Amino acid sequence: MSAGLEAMVGRPWRKPPFIQRRWLRWVLVIGGACYLLAAVLTIEVNWARVYEGLERGKQFILAFTSPDFVSRSGDIWDGMLESIIMTIAASVVGIGISIPIALGAARNIAPLPVYLLCRGIIAISRALQEIIVAILLVAIFGFGPLAGFLTLSFATIGFLSKLLAEDIESMDRVQAEAIKASGAGWLQWINYGVQPQVMPRLIGLSMYRIDINFRESAILGLVGAGGIGATLNTSFDRYEYDTAAAILLLIIGIVMALEYLSGIIRERVQ
């Protein structure tokens, strides 16, 4: 822009920097770069082990060009069926328990004691990572899908209850108050004032959680909590990369199908 034109129209607007002092910005950038460099240098890397692993990584990637669905087809399909059953059962139970907890965890519709109790349940469920819960439940109930089912149900409660409670707290109060002003009871108020506003969100979150639960079921199998993860872990231990590639392709295919189904359901609901 020429000087004359700039004098006529003025300088173009620019968003002011988050940190006003230029020297402070440079100090933070240089300090962050030094910290990152120091953190990388403190990582102990066994380069000989990395070099040996590159060849196995190459073999694993090449296995995707010729996956083996036949050699261990019985174990693959049994593990996949177990993961699907575990996912569906845990999702149904977890969602069913999450709905009343979410209602109690919404401050705009629940009394304070109920709110604190439900928020405590959500905090405990979210504080414990799935693998830790699975290891604990495997130690209690032994190896098998029961531990995986309980783990996924527990994780679903924390995930769904929190997001659904936040959606209830941000709903349109005018519609809910209109239902209450008409003389509706508490259950009628929830059914006609709250439920229509949060139902699309509930269905979307439920489909997303089913997706997560299926992927988590493959991970939980690594610690003995049932599912296809046990077969996948055995394939890696035996260096059967073609079988492992087949299992991963099946997992990717099911996740993509769930994503497509979730999109159709959300479109129909909305």
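Student: What should I know about the model before reading values off it?
Tutor: The model is predicted, so local features need pLDDT of at least 70 and side-chain atom pairs count only at pLDDT 80 or more, while totals for chains, interfaces and linings use all residues. Residues are numbered from 1 along each chain as its sequence is written, and side-chain values use heavy atoms, with hydrogens and water left out.

Student: How many helices and strands does the protein have?
Tutor: There are 11 helices and 0 strands. Helices (H or I, at least four residues) and strands (E, at least two) are DSSP runs, numbered from the N terminus.

Student: Compact globule or more spread out?
Tutor: More spread out than a compact globule, because the radius of gyration is 26 Å, well over the 18 Å from the globule rule for 270 residues. That radius is taken over C-alpha atoms, and the rule is 2.2 Å times the number of residues to the power 0.38. The C-alpha atoms fill a box of roughly 70 × 65 × 35 Å along the principal axes.

Student: What percentage of the residues is buried?
Tutor: Of the 270 residues, 34% count as buried. Buried means under 20% relative accessible area, exposed over 50%, and partly exposed in between (1.4 Å probe, protein chains only).

Student: Now H4. What span should it have, and what does the model give?
Tutor: H4 covers residues 73-104, and its 32 residues should span 46 Å at 1.5 Å a residue; the end C-alpha atoms are 46 Å apart, which agrees. The expected span is 1.5 Å times one less than the number of residues.

Student: Where does H4 bend?
Tutor: At Ser98, by about 25 degrees, with Pro100 following within four residues. The bend is the angle between axes fitted to the seven residues ending there and the seven starting there.

Student: And Ser91, buried or exposed?
Tutor: Ser91 lies in H4 and counts as buried, at 2% relative accessibility. Beyond residues up to four places away in sequence, Ser91 touches Ile210 and Asn213; contact means heavy atoms within 4.5 Å.

Student: Which residues touch the most other members of the largest nonpolar core?
Tutor: Ile109, Leu160, Leu164, Ile168, Met171, Ile190 and Val194, out of 24 residues in that core. H4, H5 (112-127), H7 (145-169) and H9 (186-220) each supply at least two of its residues, and H9 gives the largest share, 7 residues. A nonpolar core is a set of buried Ala, Val, Leu, Ile, Met, Phe, Trp, Tyr and Cys residues joined through side-chain atoms within 4.5 Å.

Student: What does Leu164 touch?
Tutor: Leaving out residues up to four places away in sequence, Leu164 touches Ile99, Ala102, Val198, Leu202 and Leu205. There is also a second, separate core of 12 residues, including Ala218, Ile228, Leu232 and Ala244.

Student: Where is Thr151, and what is it in contact with?
Tutor: Thr151 is in H7 and is buried, with a relative accessible area of 0%. Apart from neighbours within four places in sequence, Thr151 is in contact with Glu130, Val133, Ala134, Leu137 and Leu220.

Student: Loops next. Which one holds Tyr239?
Tutor: The loop between H10 (228-237) and H11 (241-269). Tyr239 has a positive phi of about 60 degrees although it is not a glycine. Most residues other than glycine have a negative phi. Tyr239 is exposed, with a relative accessible area of 52%.

Student: And where is Pro111?
Tutor: Pro111 is in the loop between H4 and H5, and is partly exposed at 48% relative accessible area.
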